[in-house]
Amino acid sequence: MLRSCLAGLVLTGLSLAGAAAADLAPMQPGLDYHSFANVEQFRVTRLELDLRVDPYFKTLRGVVGLQIKRLDPNATELILDTRDLNVSDVTVKAQDVLGATSKSETTWVSRPFHFQKKDPILGQALVIEVPPSTKPTLFVRIDYETSPTAPALQWLTPRQTAGKKRGFFYTQSEPIGARSWIPLQDTPQVRVTYTATIHTPTDVVAVMSAKNDPKAPRNGLYTFTMPEAVPSYLIALAVGDLAFKETGPRTGVYAEKPLVKAAAQEFADTESMIETSEKLFGPYRWDRYDILVLPPSFPVGGMENPRLSFITPTVIAGDKSLVSVIAHELAHSWSGNLVSNATWRDLWLNEGFTDYLESRIVGAVYGEKREMMERVLGLRELRDDLARLEPADQILAIDLRGRDPDAVFSAIPYEKGRLFLTYLDAKFGRDHFDAFLRGYFDHFAFKSITTEQFAAYLQENLLDRYPGVVSRDEVTAWVSAPGLPDDAVLPVSGEFAPVDQARAAWLGGGLAPKRLKLDSSGWAAQQWLYFLDNMPASLSTAQMKELDQWFEFTHTANAEIGHSWFLLVIRSRYQPGYGRLEDYLQTIGRRKLIAPLYEELMKTPAGAAQAKRVYALARPGYHPETVAAIDAILNPPSEESDEQ
Ligand code: BES
Ligand code: ZN
């Protein structure tokens, strides 16, 4: 009902995306404000994709067959989400329109369809006219082509790859990008199984978030099945000159040849991470867990595509120091992929749970010290965001109406979510909380749920079962109030005390750098990050030079440490660091690593000029979503357009 009102708003030209949250009725939990799909009338249950990957025209072209469950016999419009798709034909099975007696199963007839007005954030509703029917199932085929500028797709030239010989193509659908390469119900509350036939040039390999066959012949034809039902944002495809290396009985790494050996070494602990997770959270229900290493332009650290996590190569530091990203994406196999957020407002159910699970895996596999250091660094990110964000955006179940769902990806769902679960863990005790978690994953397996459904389950299975430990109001405050509750259980790490001492001593001039080097021998990457992140806003050239001479930060192989160092380079105007900074910005496209550097550069006129010059070179190599983010930093919307 509300869904059609919203579609109506868009139809009449009053964009839903432009409407301020306050103008709208109270928010309805479970209603996805970021999809046009009429999910109360139809539910897609299965996709059959047949797509040709055309790197020359930068398009995917082909057909998707949708198997649809009809919930409303009177419904005459099937509304799907799309973005910049060119649809040439929509057909349904003849028997579905003409009655059960006629024609064979395979006869398809065209149906009328039209697009509604384009919304800048949500894309375009595709409305397909279907006759009313009492049949429970409907099959629809859509012939279509994607746009070369589809935001979920990146097309890389051979030069932009490690091997330099062949192009690379991949999708990044979360949160609402899937509609730019498949017309579907692009809402996480709809789950589908799928099959796919992918046609590629013959010199590359295709992989998907599905059953992959590492031994598939390179003949330009790849077929996939995905037997587990997943939300649309977890459908993923990548095509490139990929090699495969096994890392365990059910784990392996796909990467370009020059990287595959280093990747397999870096990710050698994946199988033990799975074993740990199964002990803690219940069985791994996706058969295999493989890792795909993307080119450096990949816009996120990792993406939890089922059976095949997509990972940035910037995680390969050579010493496994950044593999908590793997623990994180693997943990999504329980929180996120098995139990998914029903709408983007509920993202914390994916990311907060996953951060908590990640900590548990890291603690079990790499020890409590490392776990605590990483949690302390995470808390720092949360504090920064709490200082930066409006109170309304500090709550876990955020109101995202009228906004790009990308706005939800702050430290709030991640770190505040993790602290909420840490709090429950501390209050109820590990044994009770672990049993609760396992029960939660079993109970909601392969379902998509709202914050309210979680809260009700929590009430029944933890709060009511052990009365007097945590009250309903305390849970409500965690979920719906800004800031952090006073009794949050915050991480502390003893490993940072010597780092603080060394830094203070060095800053105070009491120690020569030589001593500092001695004192810092054996420091973990997390300690170095803490060392740099807590420096004064800027240092003198002499100080920067001293640090660089001893620790060679400018040439670090660790992309996270590089990020922290280059922030200091910019703030301290440390000229010898600028050359590498420019290389860094031109090779890495991971938003979290580069956006803060551009922001820092933009604070001075000279820096802004440099940012613009480097960005002009780097921009063609960035992913469309990174481009959008950096464009906004370099050309911030003017005050006037803000007020509109
Ligand atoms: N699901 C996210 C990736 C994502 C983020 C997709 C934002 C779309 C928008 C993934 O699980 C994630 O959280 N990745 C983190 C790494 C993690 C260790 C916190 C990232 O990319 O930094
Ligand atoms: Zn995540």
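**Close-up views of a predicted model**

**View 1. Ser-564 in its helix.** Ser-564 counts as buried because its relative accessibility is 5% (buried means under 20% relative accessible area, exposed over 50% and partly exposed in between, with a 1.4 Å probe and protein chains only). The residue belongs to helix 16, which spans residues 559-571 (helices are DSSP runs of H or I with at least four residues, strands are runs of E with at least two, and both are numbered from the N terminus). Leaving aside residues up to four places away in sequence, Ser-564 touches Leu-529, Leu-532 and Asp-533 (contact means heavy atoms within 4.5 Å). With Asp-533 there is also a polar contact between the two side chains, at 2.7 Å (a pair of N or O atoms within 3.5 Å; within protein, one must be able to donate a hydrogen and the other to accept it, and residues adjacent in sequence count only if both atoms are side-chain atoms).

The model is predicted: local features need pLDDT of at least 70, side-chain atom pairs count only at pLDDT 80 or more, and totals for chains, interfaces and linings use all residues. Residues are numbered from 1 along each chain as its sequence is written, chains are lettered from A and ligands numbered from 1 in the order in which they are written, and side-chain values use heavy atoms, without hydrogens and water.

**View 2. Polar atoms around ligand 1.** A polar backbone atom of Gly-301 is 2.6 Å from an oxygen atom of ligand 1. His-332 places a polar side-chain atom 2.9 Å from an oxygen atom of the ligand, and Glu-351 places one 2.9 Å from a nitrogen atom. On its own, ligand 1 has 510 Å² of accessible area, of which the protein covers 89% (Shrake-Rupley method, 1.4 Å probe).

**View 3. The shell around ligand 1.** There are 16 residues around the ligand, and Glu-174, Gly-301, Glu-304, Glu-329 and Tyr-414 come nearest (near means a heavy atom within 4 Å). Five residues of the shell are nonpolar, five polar and six charged. Helix 5 gives the largest share, three residues. Ligand 1 lies between domain 1 (42-330) and domain 2 (338-480), because both give residues to its shell (domain bounds come from an automatic or database assignment).

**View 4. Domain 1 and domain 3.** The protein chain is divided into domain 1 (42-330), domain 2 (338-480) and domain 3 (535-643). The centres of domain 1 and domain 3, taken over C-alpha atoms, are 33 Å apart. Their contact takes 23 residues from domain 1 and 17 residues from domain 3.

Note on methods:
Ala, Val, Leu, Ile, Met, Phe, Trp, Tyr, Cys and Pro count as nonpolar, Asp, Glu, Lys and Arg as charged, and the others, Gly among them, as polar.
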